[in-house]
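Reader: I am new to this structure and would like a close look at a single part of it, the place where two chains meet. Please take me through it slowly.

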Amino acid sequence: MGYFELIIACIFVNNILLAQFLGNCPFLGTSKKMETATGMGMAVIFVLVLAGTITWLIYTYVLVKFDLVYLRTIVFIVVIASLVQFVEMFLKKSIPALYAGLGIFLPLITTNCAVLGVCVLNIDKEFTFMQSLVASFAYAAGFALALILFAGVRERILLARVPKPLQDTSIGLVTAGMIALAFYAFKGMV
Amino acid sequence: MAKSIVQEFTKGLWEQIPPFRLVLGICPALGVSTSVENALGMGMAVTFVLAGSNILISLLRNVIPAKVRIAAFIIIIATFVIIVEHLMQAYTYELFLTLGVFIPLIVVNCIPLGRAEAFASKNGILPSAADGLGLGVGYTLSLCALGALREILGNGTLTIWGDLGYNLTSVFPSFQPFAFMLQAPGAFIGLGLMLCVINAISK
């Protein structure tokens, strides 16, 4: 598979939120305002590219080499958690403007299953280093795209009169279903 | 004391049933609920992890320093997830392949971490075990209900380890399966509508 097809597949066809169902907690939690959605999307792109490549390197050059593959889950989650912590400290010190923008979203990313999910998928699909780099970026871009689209729709729903039992998360899920329906049209493209 | 343990167990079945009352653990609920069989398998895996991590964390709650507790909880939970992963790979290989990436992802499924922080780190072993089991069983029930809804509407059948012989087309000959209920959009809409029904009942 060429890189172009890989990018299209990861952003649209196998969209991490709407087709693979990963990262739905922040999807529902941070999508009430456009600003928070954009911030979360950017933070995920930033961390996922780093996490995807670093976990790939650790898996290939440490776990496989020393026959420790069964420790994959625990190693990946520890790597992601410390990476997020490290990125947070680094940004705070060197790029305060970016830190102010992403700040509150960074700790949330540790428990965002899209991050661990993509790292595991890269290994399960037996991607090369370059493929995992590209796939991580494309999956994260797909996450940001879906999140921002969803936040746009959700801001409009605030103005509508929704029946009481359907309010909040319930209408959010139904709306997400409608957006997933739109993304469903990409199925079979690659 | 005995009564309160029963209460800790039963609160997970309705009062705090995940993922509806406790809006946690939505991703696997959407991802694996294409059939009752998958939902049951996933629910049991989560119950095992939840009960195991709750018991161990409540045993160690006086040893773990408060500053590094989240990291310690995650490592304990990850250990149980690895155990479940290997048990399923050994004994239920087909289910393991169907659930795929969602098994390692139990680590970041917020329910075990949420219960560790909110309950197991503050309570004794028995209430923690009851809490973990109760929420696990409640989660399994929710997943099965969503799985049943999607399977019946999407395929017209209900399968739990062998076809139950139940077929909607034999009851309603004009029934056409909504294939989309088995796909991604159906998962979101199904869960959203179930949440709406539960909100309406509890009002």
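Author: A careful place to begin, keeping in mind that this is a predicted model, is with the polar contacts: across the interface of chain B and chain A, 4 residue pairs are found in polar contact, counting pairs in which both residues have pLDDT 80 or more. On the chain B side, the elements that each supply at least two residues touching chain A are helix 2 (26–31), helix 4 (69–91), helix 6 (110–120) and helix 9 (184–202). Helix 9 of chain B gives the largest share of that side, with 12 residues. Sorted by class, the side of chain B that touches chain A holds 28 nonpolar, 7 polar and 2 charged residues.

Counted by residues, 37 of chain B are in contact with 39 of chain A. The size of an interface is often given as the accessible area lost when the parts come together. Here chain B and chain A bury about 3000 Å² between them, and 82% of that area is on carbon and sulfur atoms. Within chain B, the residues that lose the most area to chain A are B:Cys27, B:Val108 and B:Phe188, which together make up 21% of what that side buries.

As for charged pairs, the count between the two chains, B and A, is 1 salt bridge. The side chains of B:Glu85 and A:Arg72 meet in a salt bridge, with a distance of 4.0 Å from N to O.

B:Glu85 also belongs to the buried residues of helix 4 of chain B, among them B:Phe73, B:Ile77, B:Phe80, B:Val81, B:Val84 and B:Met88. An α-helix has 3.6 residues a turn, so residues three or four places apart point the same way. The covering of the buried residues in helix 4 of chain B comes from both chains, and includes helix 4 (72–94) of chain A as well as helix 3 (36–59), helix 5 (93–99) and helix 6 of chain B. Helix 4 of chain B has 23 residues and spans 33 Å from its first C-alpha to its last, close to the 33 Å expected at 1.5 Å a residue.

One further place, within chain B, is the loop between helix 2 and helix 3, where B:Ser33 lies. B:Ser33 counts as buried because its relative accessible area is 0%. Its side chain is joined to that of B:Arg150 by a polar contact of 2.8 Å. Leaving aside residues up to four places away in sequence, B:Ser33 touches B:Pro28, B:Leu143, B:Leu146, B:Gly147 and B:Arg150.

Definitions and conventions:
Residues numbered from 1 in each chain as written. Chains lettered and ligands numbered in written order. Predicted model: local features only at pLDDT ≥ 70, side-chain atom pairs only at ≥ 80, totals over all residues. Heavy atoms only, no water. Contact = heavy atoms within 4.5 Å. Buried area = accessible area lost by both parts, 1.4 Å probe. Polar contact = N/O pair within 3.5 Å; in protein donor to acceptor, adjacent residues only side chain to side chain. Helix = DSSP H or I, 4+ residues; strand = E, 2+ residues; numbered from the N terminus. Nonpolar A, V, L, I, M, F, W, Y, C, P; charged D, E, K, R; others polar. Expected span 1.5 Å × (residues − 1). Buried < 20%, exposed > 50% of the residue type's maximum accessible area, 1.4 Å probe, protein only.
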